[in-house]
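Visitor: I would like to learn how to read features in a protein model. Could you take me through a few, one at a time?

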Amino acid sequence: MRAAFASRTDADNPLAALTVGEQPEPVHPDDDWVTVQVRASSLNHHDIWSLRGVGLPADRLPMILGCDAAGIDPDGNEVVVYPLIADPGDPRGISILSEHFPGTFAERVAVPRSNLLPLPAGMSLTDAACLPTAWLTAWRMLTTKGRVDDADAVLVQGAGGGVATAAVALAVAMGKRVYATSRDAAKRARIAELGATAVEPGARLPERVDVVVETVGAATFDHSLKSAAPMARIVVSGATAGHEPTVNLRRVFAMQLEIVGTSMGTPDELRDLLAFCAERKVRPVVDSVVPFSRIGDAFAQLHAGTVFGKLVVDHTA
C-alpha cells in the first residue's frame, strides 16, 4: 500500500529521511485490532522529530509516520482514530502511533477497535483528522489540567502552531478572554480573527491570567510567570524554543502558581472534544489541505515553520 515513512533518520536534515512509496499491509498484533481505511490525516511536529530520530531508533525502521486519522472502519462507519496504544514495553505504558506501531500516513492503519470513535454528525473527515493529537492536547491543557471553568482569562504562548492555535479557538469558544502571542505580525492578525487579543511576545497584558498554555518553553516562560494571576495554572506541553528555562521560584511560591506538564489526552477526553466541537460548531483552524501525492510538500512547509493551524492530508486525492 502507498505510505509516507521514515526510511532512516537524519538529525540535521529530517526531510531527507522521508520516503513515499510502498509498505506492507497492516498487521493485527491481537484479536481486537481492526484495519481502518484512512480518508484524511494531519501532520504534527512529532512527525518531524521522528525523522530526526527522536523516539524512533534504527531498529524500528522503516516506520510509517502519522498520528492523526479519520476514515472508514470495517463495518463501513466513519470514525476518528484515537492514536495512543497501550504498550507495556514503553516506560510510559503507552505509545503513540508511529513510535512502536505503524502510523496513519498510509492507505490503511491497524488499531485496537476500542481506539475508534464515531465521527460526529456534520463534521467532515478532514476536520476530524486534525483533532486527535494537537487539538486533544489543547483540550486537556485547558480542561483537565488548566481547570479553565474556574478561569476568566487565558494566555496562549506562540499561537500559530497546531496546539496553540487550537487552544485559542477552544478558549474563545468557551467564552474566555484570550490573549495570544506571536512574533509574526501576520499570524497576530489571524489570531485576532479567531477572537483573541493578539500581542507581541513579552508584552504586558492588561490583566493577569488564570491559565497559561505554554508550548514554546525557554523563550516565553518568564513572560508566562509574570502574566500569571495568583494560583494560576501554567500548563506545559512543549518546548519548541528551549526546554531549560530560568524559573523565578520566589514568584512561583509567592503567587502560589501551579506548573503542570501534560501531553495528549484520554479517549474520553477526545470524545468530549468531539462533542464540544460538534455542539459549538467549532472547526479546526486548517492551514491547507493537500493530496497525499503532495505529502512531501506538507512536510517541507511544517519544517519551515510557515504553518498557521493544521496541515491536512487528503488520502482520497
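Visitor: How many aromatic pairs does a search of the whole structure find?

Guide: Keep in mind that this is a predicted model. Two rings count as a pair if their centres lie within 6.5 Å. Here the search of the whole structure finds three aromatic pairs. One of them joins Phe 105 and Phe 299, with 5.8 Å centre to centre and 80° between the planes, an edge-to-face arrangement.

Visitor: Where do Phe 105 and Phe 299 lie?

Guide: Phe 105 is in the loop between S8 and strand S9 (108-112), while Phe 299 belongs to helix H9 (residues 295-304). The pair therefore ties together parts that are 194 residues apart in sequence.

Visitor: Is Phe 105 buried or exposed? And what about Phe 299, buried or exposed?

Guide: Buried means under 20% relative accessible area. Phe 105 has 0%, so it is buried. Phe 299 is also at 0%, so it is buried too.

Visitor: Which residues form a tilted pair?

Guide: Trp 139 and Phe 276 do, at 5.1 Å centre to centre and with 55° between the planes. Trp 139 sits in helix H3 (residues 131-145) and Phe 276 in helix H8 (residues 267-280), so this pair ties together parts that are 137 residues apart in sequence. Both Trp 139 and Phe 276 are buried.

Visitor: Is Arg 188 buried or exposed?

Guide: Arg 188 counts as buried because its relative accessibility is 16%. Its place is in helix H5 (residues 185-193). Beyond its neighbours within four places in sequence, Arg 188 has contacts that include Ser 182, Ala 198 and Glu 200.

Visitor: And the surface? Which residues make a nonpolar surface patch?

Guide: Val 247, Leu 249, Phe 253 and Ile 259 make one of about 390 Å². Val 247 lies in the loop between strand S15 (228-236) and helix H7 (249-254). With 32% relative accessibility, Val 247 counts as partly exposed.

Notes:
Residues numbered from 1 in each chain as written. Predicted model: local features only at pLDDT ≥ 70, side-chain atom pairs only at ≥ 80, totals over all residues. Heavy atoms only, no water. Patch = residues over 30% accessible without salt bridge, like charges linked within 9 Å, V, L, I, M, F, W, Y side chains within 5 Å. Areas by Shrake-Rupley, 256 points an atom, 1.4 Å probe, with all protein chains shown as cover. Salt bridge = Lys/Arg side-chain N within 4 Å of Asp/Glu carboxyl O. Helix = DSSP H or I, 4+ residues; strand = E, 2+ residues; numbered from the N terminus. Buried < 20%, exposed > 50% of the residue type's maximum accessible area, 1.4 Å probe, protein only. Phe/Tyr/Trp six-rings, centres within 6.5 Å; stacked < 30°, edge-to-face > 60°. Contact = heavy atoms within 4.5 Å.
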